[in-house]
Amino acid sequence: MTELEIWSYSIVGLTFAIYIGIAIWSRAASTSEFYVAGGGVHPVANGMATAADWMSAASFISMAGMIAFGGYGGSVFLMGWTGGYVLLALLLAPYLRKFGKFTVPEFIGDRYYANGARVVAVICLILASVTYVIGQMTGIGVAFSRFLGVSYEIGIFVGMGIVAIYAILGGMKGITYTQIAQYVVLIFAYTIPAIFISLNLTGNPIPQLGLGGTHVGSGMSLLDRLDQVVTDLGFKQYTTQVMGSTLNMFVYTLSLMIGTAGLPHVIIRFFTVPRVRDARYSAGWALVFIAILYTTAPAVGAMARLNLMDTIQIGPVGEETGNLVYDERPDWFKRWETTGLLKFQDWNQDGRIQYYSDGGLGEARMKLADAKAKNAGVETAEQAVAKAETAHSATKFAKFGWQGNEMVTVNNDIMVLANPEIAGLPNWVIALVVAGGLAAALSTAAGLLLAISSAISHDLLKGVFMPQITEKNELLAGRLSMIGAILLAGYLGLNPPGFAAGTVAIAFGLAASSIFPVLMLGIFAKRMNKQGAIAGMIAGITVTLLYVFQHKGILFIKGTEFLMPELGMGTNWFFGITPEAFGAVGALANFLVAGLVSALTAPPPEHIQHLVEDVRIPRGAGAAVGHYIGLSRA
Amino acid sequence: MTPDKRADYWRANLRYLTVLLIVWFVVSYGFGILLVEPLNAIHLGGYPLGFWFAQQGSIYIFVALIFIYAALMNRLDHQFDVGEE
């Protein structure tokens, strides 16, 4: 066993022992503890748990990688996943807390006085949450494959097993306390390497300042230096590179923000605080704890990119000795090659690595090799290679004797995990990052599974179809539905629709287009009735799902995307908006349809209008349960 | 509580919401996305300003907005005597 392996196993093992210990110690005995931790968690503690719940594999593992390769375009994740808390704190949390129920569909069912509304909400919630769990599984697969030195697929199976044991045991009470521990692990794991790297590159230990600081090697500002390094190799300028278009960035950010405010596993969190005023502050504390990671992430992304480029391009661009010799590649490079998430292909047979923007030549060559192996579509692939070669021969890179980008796979999702290795940090830091990534993925997966299981056992069974169910059976049904969700997510995680952050973004789009509008209208529009709400939710999620499935395959199954090319609806056909960003359009459809249908049908009954009046005033908020069973205060 | 006072309380709340959400929109969608190019001409240390708003500044302001709202609403609850306890 190498030193790194010893560190990895000890740190990951120790943190897992802590989580499982806490889960057992605070095991849920009642439905109230299982769903909302008995409603007695302090706002700061709740904020920390919310932060861990919230910051998933997408935030921890994937986001900095998206920023590293997306540059300024990666800002959509930074703003989108934080700005939603403002909406949540101002528009939803205090009122939902006042309302005082277990679950989001329960609010929708009561406010819109219809089980139909509740069932539609449950379906939307499950679609969004399961998609989200797929994103977590992708992240868990990456983390475990690296940690155990196995393939991505085996990594996913191991992850599924651990998530299952862990989420099923706990319930909300266990999850809340475990998540506080997980927050501590993940925030140290994220910031410690960032501090080291910032110190190395800029001499400033605070990454947020280091990113705006001066690069030690060149004397230029770090961002200018990065812009120069990437543009020299043909990549887009880091600080100005947009994601798609300005319009796409706008709707993408909007979609993530309103998705944040519509995701049930986050909203549930605000049912666990004692009072309405605590719900307001709790969202603020959650965002403080989230912001620590989110303001560090841009530094991690930019610095990881710079380190990666500098590792491979060791000298001036164009000189033979400017490129790293493949046989002299560092150990981290070899380790990631075994996972298949990093791949090298020596196109010009010079034994050195050329990593640059080649206009798609390397990719076309890979596709050709693939086509030849499958013996299908070889001719088209050959034409594509010929076309890319012609374009490439006109570039300066061709004159250097380069024949295509040789880093044929650099998976975005490996950047954070590989970052400390690339920067040459000590082994214990690398091990800590793995533990942090797992903490992030597990805590969110657990929170989501809880939201899914409560939707099925509490909303569908107890609320609609089997009102006589005993508390014990309700808990059993909840745990069984968790297992079902894990199996489904694991299966789809083997063929994920994109990187962890991209998949998660789709989940947000689904929540944005279905849940958020009806919650907001339920509080701010007294006139909104059940017909409007049901029609709105169906319209919103249908529009979003159709666009997403059309791009990513029906139910994310590969080979079913773009089934009807004759309709002329190609990639991003709707104003260049990507499917990940489409939730904002769905939400708009939801608002419009809800408003229109509601205006054409009868207003809600008197008692519902009183209910809305009552929700707007904090006084008289009871516990989220009505009855405290085995309450323990944090 | 009279319906009139109720309505006053709610109107005051909506006024806070409007102002704070305008700030929320301006720092992120305004400075971070729509106006990013002109703002990038200005520098904040090594940061182009628009880039800073998109990747740092907007997040700090979001945090501040939530605490400001919570404080304003606590005061309002007290004024109208609608708080808990």
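Helices are DSSP runs (H or I, at least four residues) and strands are E runs of at least two, numbered from the N terminus.

This is a predicted model, in which local features need pLDDT of at least 70, side-chain atom pairs count only at pLDDT 80 or more, and totals for chains, interfaces and linings use all residues. Residues are numbered from 1 along each chain as its sequence is written, and chains are lettered from A in the order in which they are written.

Residues are in contact if their C-beta atoms, placed from the backbone, lie within 7 Å.

| Helix | Residues in the contact |
|---|---|
| Helix 5, chain A | S75(A), M79(A), G83(A), V86(A), L90(A) |
| Helix 1, chain B | L17(B), L20(B), L21(B), W24(B), S28(B), G32(B) |

Seven of the residues in this contact are nonpolar, four are polar and none is charged. Nonpolar means Ala, Val, Leu, Ile, Met, Phe, Trp, Tyr, Cys and Pro; charged means Asp, Glu, Lys and Arg; the others, Gly among them, are polar.

The contact between the chains takes 41 residues from chain A and 35 residues from chain B. On the side of chain B, helix 3 gives the largest share, 16 residues.

Methods:
Two residues are in contact if their C-beta atoms, placed from the backbone, lie within 7 Å.
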